[in-house]
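The following exercises concern a predicted model.

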Amino acid sequence: MGFFEKLFGARRRGGNGGKPREISCEEALRRVHEFIDGELEDVSTAEVQAHFEQCQRCYPHLRLEQAFREAMRRACADEKAPDGLRDRLEKMLAEAAESG
């Protein structure tokens with residue numbers, strides 16, 4: 001198998017022998033938040049994870065996002081939502097479930 005077939009062929013076929021397909025840096029970075037949140041839809045977690053594990057350019061972006069989220073979590077750990085917020089959210093979710 002030639003270089004270009006390895007590079008582009010697996011993407012066209014949707015896989016390469018059970019290994020996650022290779023995704024571009026652009027796609028990995030565009031989906032970094034979905035990846036961290038565990039909410040990927042059109043691409044598998046394994047595909048995005050494989051990219052971040054192999055790409056020295058993109059991995060620092062992933063680490064920065066993870067560190068930022070952790071810093072925000074620590075900074076907001078003692079913050080409480082305003083009274084009534086939970087009730088309003090539950091009502092909105094119930095209404096959305098009924099209409100959907």
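**Exercise 1: A salt bridge within one helix**

The side chains of Glu70 and Arg74 form a salt bridge, with N and O 3.7 Å apart. Determine how the two residues are placed along helix α5 and classify the exposure of Glu70 and of Arg74.

Solution. 
- Step 1. Glu70 and Arg74 are four residues apart in helix α5, so about one helical turn separates them.
- Step 2. Arg74, at 56% relative accessibility, counts as exposed, because the class begins over 50%.

**Exercise 2: A salt bridge between helices**

Identify the helices that hold Arg69 and Asp37, and state how exposed Arg69 and Asp37 are.

Solution. 
- Step 1. Arg69 and Asp37 form a salt bridge in which the closest N and O atoms are 2.3 Å apart.
- Step 2. The relative accessible area of Arg69 is 22%, so Arg69 is partly exposed.
- Step 3. Asp37 is likewise partly exposed, at 39% relative accessibility.

**Exercise 3: A buried charged pair and its network**

Are Glu27 and Arg31 buried or exposed, and which residues join them in a network of salt bridges?

Solution. 
- Step 1. The side chains of Glu27 and Arg31 meet in a salt bridge with an N to O distance of 3.3 Å.
- Step 2. Glu27 has 12% relative accessibility and is therefore buried.
- Step 3. Arg31 is at 10% relative accessibility, so Arg31 also counts as buried.
- Step 4. Arg21, Glu34 and Glu47 are linked with Glu27 and Arg31 in a network of salt bridges.
- Step 5. By the rule applied, the count of salt bridges comes to nine.

**Exercise 4: The nonpolar core and its aromatic pair**

List the residues of the largest nonpolar core, then classify the geometry of the rings of Phe35 and Phe52.

Solution. 
- Step 1. Twelve residues make up the largest nonpolar core: Ile23, Cys25, Ala28, Val32, Phe35, Leu40, Val43, Val48, Phe52, Cys55, Cys58 and Leu62.
- Step 2. Helices α2 (25–30), α3 and α4 each contribute at least two residues to this core.
- Step 3. Val48 touches Ile23, Phe35, Leu40 and Val43, residues up to four places away in sequence not being counted.
- Step 4. The count of aromatic pairs comes to one. The ring centres of Phe35 and Phe52 are 5.8 Å apart and their planes lie at 40°, so the pair is tilted.
- Step 5. The pair links distant parts of the chain, with Phe35 in helix α3 and Phe52 in helix α4, 17 residues apart. Both Phe35 and Phe52 are buried.

**Exercise 5: The surroundings of His51**

Which residues does His51 contact beyond its neighbours within four places in sequence?

Solution. 
- Step 1. His51 lies in helix α4 (residues 45–54).
- Step 2. His51 has a relative accessible area of 11% and is therefore buried.
- Step 3. With neighbours within four places left aside, His51 is in contact with Ile23, Ser24, Cys25, Ala28 and Cys58.
- Step 4. Ile23, Cys25, Ala28 and Cys58 are listed among the residues of the largest nonpolar core.

Conventions: Residues are numbered from 1 along each chain as its sequence is written. This is a predicted model: local features need pLDDT of at least 70, side-chain atom pairs count only at pLDDT 80 or more; totals for chains, interfaces and linings use all residues. Side-chain values use heavy atoms; hydrogens and water are left out. Buried means under 20% relative accessible area, exposed over 50%, partly exposed in between (1.4 Å probe, protein chains only). Contact means heavy atoms within 4.5 Å. A salt bridge is a side-chain nitrogen of Lys or Arg within 4 Å of a carboxyl oxygen of Asp or Glu. A nonpolar core is a set of buried Ala, Val, Leu, Ile, Met, Phe, Trp, Tyr and Cys residues joined through side-chain atoms within 4.5 Å. Rings of Phe, Tyr and Trp (its six-membered ring) pair if their centres lie within 6.5 Å; planes under 30 degrees apart count as stacked, over 60 as edge-to-face and the rest as tilted.
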